[in-house]
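Hi,

Here is the structure I promised to pass on. Have a look at it first, and then read my notes below.

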There are 2 protein chains.
Amino acid sequence: MTGKQDEPARRNATLKDVAAACGLSVAAVSRYLNHSIKLPRATTDRIDAAIRELRYQPNPHARSLSLGRSETIGLVIPDIANPYFAHLAAGVERAAAEFGLGLLLCPTLSRTDREIDYLGRLSGRHVDGLLFVTNNGDDPALALALKGSDTVVLVDDDIDGATAPTIMADSDQGGFLAGSHLIENGHRRIAYVGGPAGLSSSRGRLGGFRRAIAKANGSVTVVAELQGPYSSEHGRNAANQLLALEPRPTAIFVASDEIVLGLLTVFKQQGVKVGADISVVAFDDVGPLELFDPPLTAIRQPVAALGRRAVERVFSLIKGDSLAPVTELLPVELIIRSSVKPLHR
Amino acid sequence: MTGKQDEPARRNATLKDVAAACGLSVAAVSRYLNHSIKLPRATTDRIDAAIRELRYQPNPHARSLSLGRSETIGLVIPDIANPYFAHLAAGVERAAAEFGLGLLLCPTLSRTDREIDYLGRLSGRHVDGLLFVTNNGDDPALALALKGSDTVVLVDDDIDGATAPTIMADSDQGGFLAGSHLIENGHRRIAYVGGPAGLSSSRGRLGGFRRAIAKANGSVTVVAELQGPYSSEHGRNAANQLLALEPRPTAIFVASDEIVLGLLTVFKQQGVKVGADISVVAFDDVGPLELFDPPLTAIRQPVAALGRRAVERVFSLIKGDSLAPVTELLPVELIIRSSVKPLHR
DNA sequence: CTGAAAGCGCTTACAG
DNA sequence: CTGAAAGCGCTTACAG
């Protein structure tokens with residue numbers, strides 16, 4: 001019994017302990033752990049053994065303080081329970097892990113004040129960079145608060161007047177694909193239900209949609225353009241408005257999964273059969289839309305790629321590569337299922 | 001032009017700067033910021049003004065290093081893109097924010113080695129506590145690695161042989177409710193499709209289900225008990241097996257949303273109508289099950305409450321309240337929709 | 001009550 | 001190449 005009993009809650013080993021254990025200076029060990037200065041094999045073996053023996057783990061706070069960076073990025077995001085954001089977060093987290101970056105979750109509930117607060121974590125050096133997902137891009141306060149932050153990447157939507165690099169899906173292309181698909185299937189009275197007028201993701205989808213309509217040379221009527229928040233409530237309201245129309249549209253382009261959920265709820269209640277009675281193209285395609293009644297045709301966003309690319313770019317910014325703050329558009333895809341009924345002309 | 005031009009990227013203000021600006025010692029300002037020592041109103045006004053003026057933000061790493069804690073917890077979780085985990089994470093994040101705790105995301109992809117790695121973040125003091133969500137509770141390595149970690153709360157499932165406090169939904173109750181509901185609707189040939197045999201969440205659901213069956217005094221037959229991972233693939237396999245049965249079960253209790261997705265995919269392909277041809281009760285109820293075809297009856301887990309309660313408990317542990325490491329079971333709820341067909345006896 | 005000073009555990013410019 | 005030492009920016013026991 002010579003001290004072999006497992007002393008519980010022993011003080012954590014520090015670099016000093018490791019150094020002492022193998023008769024080196026802390027500087028040497030630190031350098032070995034970081035810069036990979038070349039050391040004789042025998043020495044490195046000794047260090048490795050000591051680390052294992054003492055269960056040494058570098059204190060990340062000391063490291064961060066000394067280095068002035070934390071190897072952690074923040075993900076500013078409205079609500080992780082929303083399937084779209086959840087998938088985006090999953091893409092981000094995967095890439096972050098690959099880059100050796102920790103990921104701090106910064107949920108905003110879409111409140112601008114919280115979004116701005118989190119910018120403070122950046123300037124306070126809590127995190128090295130920020131991935132910024134917001135639905136408040138039309139709020140001038142945001143662009144203002146963003147000024148001077150040089151390691152922020154906007155994801156999924158941009159902020160009016162901000163110059164930060166931005167990664168988004170090609171909303172315009174998506175709107176165009178959706179509109180074209182409906183037109184090709186013979187629809188001539190089409191409604192649009194989408195996000196807030198002020199958001200670029202939203203403007204893009206509507207713009208592309210209109211482009212498809214315009215291409216049909218006046219043969220197609222847009223019976224309604226209902227813009228509102230990316231929420232199922234907006235979808236429910238929109239559904240009620242559209243059902244009241246006389247005559248009804250034969251097809252709807254619904255520019256978000258979240259909105260489509262609300263819309264479908266009302267249709268179901270009212271006995272309106274999607275596909276048979278009214279055709280629908282959705283947007284996002286993160287939920288299990290293939291299991292819906294009927295399986296929903298949708299524009300699929302490249303969520304995983306969006307997340308990965310955002311991490312890549314913020315990583316570059318942190319390293320100091322001052323790339324031009326360009327906006328990157330990632331391509332979307334039309335996923336055809338059964339919610340669009342071909343109409344005879 | 002007396003230095004009034006907005007020098008960009010100015011060094012961040014420190015506590016020292018603030019102290020100097022108002023002619024106090026750093027100790028005084030630090031105490032004011034933390035302990036709320038009483039200071040004359042005039043003084044605190046001066047401090048507040050200086051902080052605003054200098055845009056002072058405490059350096060969290062210095063604080064963490066000095067304090068030996070980070071006011072951050074980690075959420076160890078298989079995959080944030082899974083709707084169930086996403087909802088759980090949302091509950092956790094909300095509560096964490098209320099307690100003033102940062103939330104570090106620790107995704108494991110259900111790999112035990114990664115789960116164990118994250119335990120190192122705890123012992124390395126990167127985070128003050130860990131919320132641990134795992135589907136590998138039957139892996140002895142996990143219980144071993146967990147030993148000595150005193151600020152870990154297990155969420156959603158437990159770990160065999162671990163003594164950490166645990167917050168789970170009442171799976172047994174859920175299984176019982178599901179089984180009883182099917183029996184009450186006249187079903188006599190019922191199948192069970194659930195999670196891995198080794199997991200307690202899974203054992204609970206099956207146990208409760210069997211309890212309901214037993215209560216029917218032999219009038220009900222369990223035609224199959226298919227256990228496997230909580231994955232849609234397992235659901236697809238199970239669906240194929242069940243469809244091959246002769247005669248088929250009239251009802252299935254599917255003990256997870258994820259599994260039910262796979263099951264429904266196959267049923268849809270095969271033209272089997274849920275509700276009409278075969279009744280289904282699901283478990284979790286986080287997806288938009290009400291929009292499925294048909295809307296799915298399910299046992300709803302109290303995800304938000306699970307997350308909140310877990311944060312409360314880890315917070316207590318961090319404070320040092322050494323509560324007994326009890327397991328808490330939160331009640332579930334039967335949500336009746338349209339996937340269970342009443343059978344005439 | 002208050003301030004000077006030590007200490008948290010790293011990293012790295014600096015001198016040998 | 002190597003080590004002693006300063007420094008990162010806080011908190012708080014200690015002495016006045």
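Before the numbers, one term: buried area is the accessible area (1.4 Å probe) that two parts lose on being put together, summed over both. Between domain 2 and domain 3 of chain A, that comes to about 1000 Å², with carbon and sulfur atoms giving 50%. On the domain 2 side, A:Tyr84, A:Asn135 and A:Asp157 supply 38% of the area buried against domain 3, more than any other three residues.

Some housekeeping: this is a predicted model, where local features need pLDDT of at least 70 and side-chain atom pairs count only at pLDDT 80 or more, while totals for chains, interfaces and linings use all residues. Residues are numbered from 1 along each chain as its sequence is written, chains are lettered from A and ligands numbered from 1 in the order in which they are written, and side-chain values use heavy atoms, leaving out hydrogens and water.

Chain A splits into domain 1 (15–58), domain 2 (70–168 + 303–330) and domain 3 (171–301), with bounds from an automatic or database domain assignment. The centres of domains 2 and 3 of chain A, taken over C-alpha atoms, are 28 Å apart. Where they meet, 15 residues of domain 2 are in contact with 10 of domain 3 (heavy atoms within 4.5 Å).

And what holds a charge pair across that boundary? There is one salt bridge between the two domains, meaning a side-chain nitrogen of Lys or Arg within 4 Å of a carboxyl oxygen of Asp or Glu. The side chains of A:Asp160 and A:Arg203 meet in a salt bridge, at 3.6 Å from N to O.

Cheers
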